[in-house]
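The structure is shown below.

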Amino acid sequence: MIDSENTSEEIGNEIREAHQSSGKSVDIRIKHLYRAQELLLHRDKSNSLLDNFLDEMLEFVVENDSKMRCFVASFIEKACKKDCEVMKKAVVSLSYLIQAAGVGMVAVIKKVITVCSQLYPFILKWAAGSRSAEIARCWEAFSVLKGRIMQHIDSDNEGIRTQTIRFLEAVILAQTLRTEESEKGRGDNMCLNEIGRDHRFISYRKMESEATLNFNSLLDHISSAHISSLNLLTCLTCICNIAQQRPQFMQRVVGALESLHVNLPPTLATSQVKSVRKELKMHLLRLLRHSSSVPFHPRIMTLLTDLGAAQSEVLRALPSASEQRKKSHRHNESSDEPETKRMKGIGETLAVAEKEDDEEYEDEAGPSIPIEKSQTQFAVDITAQFVYERLKPKLVTNLVLTSLVTLPDEMPAAFQSSYTPIAAAGTESQIRHLSRMIATQLTNMELGPGIEKIRAEKQQYIARQAAKMEGAVIPSAPLHQFPSVQQNQAQQSESVLSFICFEIDYCEMSIILRAALSAKTRPKIQFGLLSITKELDREQSLKLILLAFQRILANEKRAIQGGVGVAQQKLLIRLVTRLDHDSCDDFENLLMMFIVQEQKSRTELALLWIAELYAQYQGYSVCRTSYATDGYHNESQRYKRYDAVLCNLLRTLYERGEHKETLFHKILLEAPLLTPQSLVWLRTACLDSVFGAFGMTTLRELILTRARQRNELLCILLDFSYNDRADVRTQSVETAKELYQIDYVRQLFLIMNYNYYLLNFRKIPFFSGEMSGNIWFLQ
């Protein structure tokens, strides 16, 4: 007890000394903090003092000095490794550090990202083992911090990008499954195996899909043409570490290394190219020792030979014969599985994937089935097989003779320094490797059958989505077929393929490769979105615009749930009213039917539409007819458009028999201006034999509230007083008696009533019993 009190007093003294900034340098203050840290983390075994002095230590996060902020980040890392409960308070400080700007901001951001890379597996493991609401809030805040760190992958600072790449490696290792063949490393601290599928606030599927997306991001960076040497080496190290500790990514990593070997970034200097090739060789030798790389040994060994590795060096790196036998035995066991069982499993997987794809936004975690291959890798595989089948001696000879013309007179120094003789030239593995190198080049230039197949699949996907939006039924492809049917289809596809291969002769192949060689010699063209974007034809662009508008309409429920229901309504109205284009009529019809289908919940949308058109009519808003010529509607066109939409809404509601509903009358009551045609629909509603009383009530309210249009409305009411139908006359007279009692209506009423009396004198039934209802007109 006395020991604990003495330690607490020493820690308090050190923190007070660190707070006294007068006459002390930052380094001296940090020394006091280091002593306090040593006492808190190493002398105190009960963690009680750490909890007592945590707030005092975190207060230094507001200091403007970068060294002080870096110390606080380092302290948080050590404290959280000792007790993860510290993160409940420390997550706010880390978020502040990564957002706060000041002197030495880059150094602070790099330090925070490094700390989070070290802490991520510990924090995820701590959160996965608990279900309390407090830890759920802490994990949510840390997830926000994780998202902010990932945004720095595109930072202008090279050092920040490097640390972010390492953070992505930590996230991928912590959010993927560990297998029996995983090597020991950072991935042992945490893996997806330790997260339950029924966890309260951590989604298993979201973790898995996020790791897959981050891994795809690393592969995209390593294939980028403008990546720096430091970032390339860091990214190379990260994906190789992931392949060793998560063997399920081995195939994609080997493919990425093959692509990198063929397409090194053109911005690298000669010394940087040597450094990258040396690093690539070292990582390939490490992968060669891994037991999961046995199926890829021919490809890895070919790459090592191209990189100048000696045969003895490659043989030393190979795993022992016993390990290879174990691996091949496991591979054979998996391949000996009955074909029907495997087909059944594939069918179930595809069915689950299709179901999850259809139930979009059903679970925010996203799909649980990771993508096995990227589209680029898939295209390379198809094109490599295409090239391999055509690399015959005659074709190769013609290609060599053709390419001799493009060779320079002197051997480039970079080529001479990196060239290594091909020891296994002409062998099966070397031909396949050469085919893959050519396929990679063709795919990067968007040439070859692989790219064509991906384009065709994209078009099919767009067609399916369009059919789905239109409500068409798309039959799914059969997952199970009889063996005889499968055999017949295989024979047909082989015969078609052989016929195509017979038709394609080596001249076409020569033209493709010659284009690739000539393109390689041309100077690099800077990337520009306009240069690579193709203009859509008018029909296709209008169709896509219409599909996008339908998608916005269909997302009303999600917009309301997300708190942006008003923003969605404004977006719909502006799309319909602000630009007069070819699809404008379709937009208006879709929006009108959308409003009418759910009148009660979409009344405000209809009123907003009418108000926007009235604002355009008055000149407070605009409707462009063309962005190229700055064209606008004139005043008469704007009035016609307002009148058309107002009357179409009223007509649609009346024809559907819904003029008794609230929307019909609310449009009349709240429309800024009632046009003559809209008053015709009001008159029609008043004359309805069943629900005419609703229309008469609306007319009464309009007379009371519309001062500018009171004359027109009184004319309608008085005209009803001389109608041939007795019930209409009775309702009109009763309404007129009520209005006559109001002072500001009475005088106008008398004048207009006298005029109507003179005009309709002969129509008044003097000699019938109905005169008692109209006798007050004569007073």
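Does Tyr-654 count as buried, partly exposed or exposed, and what is its relative accessibility? At 21% relative accessibility, Tyr-654 counts as partly exposed; buried means under 20% relative accessible area, exposed over 50%, and partly exposed in between (1.4 Å probe, protein chains only).

## Basis

This is a predicted model, in which local features need pLDDT of at least 70 and side-chain atom pairs count only at pLDDT 80 or more, while totals for chains, interfaces and linings use all residues. Residues are numbered from 1 along each chain as its sequence is written, and side-chain values use heavy atoms, with hydrogens and water left out.

## Aromatic pairs

The whole structure holds 12 aromatic pairs (Phe, Tyr and Trp rings, the six-membered one for Trp, with centres within 6.5 Å; planes under 30 degrees apart are stacked, over 60 edge-to-face, the rest tilted). The ring centres of Tyr-654 and Trp-681 are 5.8 Å apart with planes at 50°, so this pair is tilted. Trp-681 is buried, at 16% relative accessible area.

Phe-691 and Phe-694 form a stacked pair, with 6.0 Å between centres and 15° between planes. Phe-691 is partly exposed at 27%, and Phe-694 is partly exposed at 42%. Ring pairs also join Tyr-120, Trp-139, Phe-142 and Phe-167 into a cluster.
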